[in-house]
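Here are my notes for you to read alongside the model. Please have the sequence open as you go through the points.

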Amino acid sequence: IWQCFLPYHKARIEHLSSHCTGVGWRLSAIEVASKDDSYNFPANTFAGGINHICCFSGKSYHSLTAKEIHSKVMKVLKELNPDVVFAPAPAFPEGMAAYCYRLLRASTAVMMDDMWEGSDARGILKRTAKKLINKNIDAAFIPAQSHAAYYNRMGFPEERIVFGVDVVDNEFFRAGTDRVRAEEKAARKSVGLPDNYFLFVGRFLPRKGLEHLIEAYRLYRDKKEASPWELVLVGDGTHLDQIKKRAEHTPGISFTGPLFGNDLCIYYGLARVLIVPSVIEPWGLVVNEALASGLPVIVSSGCGSAKALVHEGRNGWIFGTSDIHSLTDKMLLASEQSPEALGKMGTQSRQIISEWSLDRFSDGVKKAVEIPRRAPAGFMSNIITRLWKGRVRIN
């Protein structure tokens, strides 16, 4: 279950489906709504043979109430009667529907989540409630060992934790960017891109740290004595107008709007370095995409993937969350590298991300399915699991 199937969800599900067929499992993919106000990706269609159920076709996830989502997902689960349910965290109504369903049937429930200490701002009461709900969840499917300590503290022992939830279709980005680079001159001319530029890809939201990026880039241009790189920002979101206003007096900054698929590969393929300035980020799949595209990266320490995917000086650099001067220094360092040095870093990026393929996701699912159901959670855990319906919000 996911709130809306984005391209990386589609890739994971289709890859997993081929594994399920081989072992005699029936896979159902439940999508809450076909639209999501915070992403604006085009709708996906699945390959034949996948039981794709959209609970609210044609509607945006954020136009629905938690009660509507919880009720509809619960109804679908009762009709399907699955043995194992993979669902989001208890913050989401579709997740809570799955954990309520588990109380009704002799099934197991696996939470797909990428929260960590740096992205969990809950107070002690909310954390306590979450721990009680977690007693009704049999396993946590999380990105990497770097996140495991947080889930240990939230009530999941090592034997109930599996890894590999946050992956993208590496081969799509590898092949797409290689095609672009093979025709670099024509591709660059077709979209009017500069010879050298930093790239940002993501949603324009307050927690993405874009104000810090704009200020760091202004300082970078002040300090760079000759031929400063430009800054290209790809994406859309509620914070876009504010960021454009902040950037209007700084030369070298351009905004493309949202880009997807092969169009996005052009921008990854021709960029020098991806920057992820997030203040808070559970993971950051754009880091996966950039590494698969063969790019070095500059990533905030507030980004959950930084520890696992960024090897300092080898395939990129990490800077302190909200530390504008540190980010400026990393940008200067990156733009002083030769094309050959950046190319070697990009090769390292691809080697690192090769361990984070779609197979990693499918292997994690297989391991999670083998984890047995927990012992009864107790009265308080069951009451909270039944009463809490989750929240609908833009994260």
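1. How many bridges join strand β10 to strand β11? Three: β10 (residues 273-276) and β11 (residues 297-300) run parallel, and Leu274 stands opposite Val297 in β11. Helices (H or I, at least four residues) and strands (E, at least two) are DSSP runs, numbered from the N terminus; two strands pair if DSSP finds at least two bridges between them.

2. A word on ground rules. This is a predicted model, where local features need pLDDT of at least 70 and side-chain atom pairs count only at pLDDT 80 or more, while totals for chains, interfaces and linings use all residues. Residues are numbered from 1 along each chain as its sequence is written, and side-chain values use heavy atoms, leaving out hydrogens and water.

3. Now the whole sheet: six strands, open, pairing in parallel in the order β9-β8-β7-β10-β11-β12. Because β9 (253-257) and β12 (316-319) stand at the edges with a single partner strand each, one side of each is left without a neighbour in the sheet. From one strand to the next, the twist averages 20 degrees.

4. Leaving aside neighbours within four places in sequence, Gly252 is in contact (heavy atoms within 4.5 Å) with Tyr217, Arg221, Glu230 and Leu231. Gly252 and Leu231 are 21 residues apart in sequence, yet 6.1 Å apart in space, C-alpha to C-alpha.

5. Finally, Leu387 lies in helix α16 (residues 379-387).

Methods: Axes are lines fitted to C-alpha atoms, for helices over the stretch in contact, and angles run from 0 to 180 degrees between N-to-C directions.
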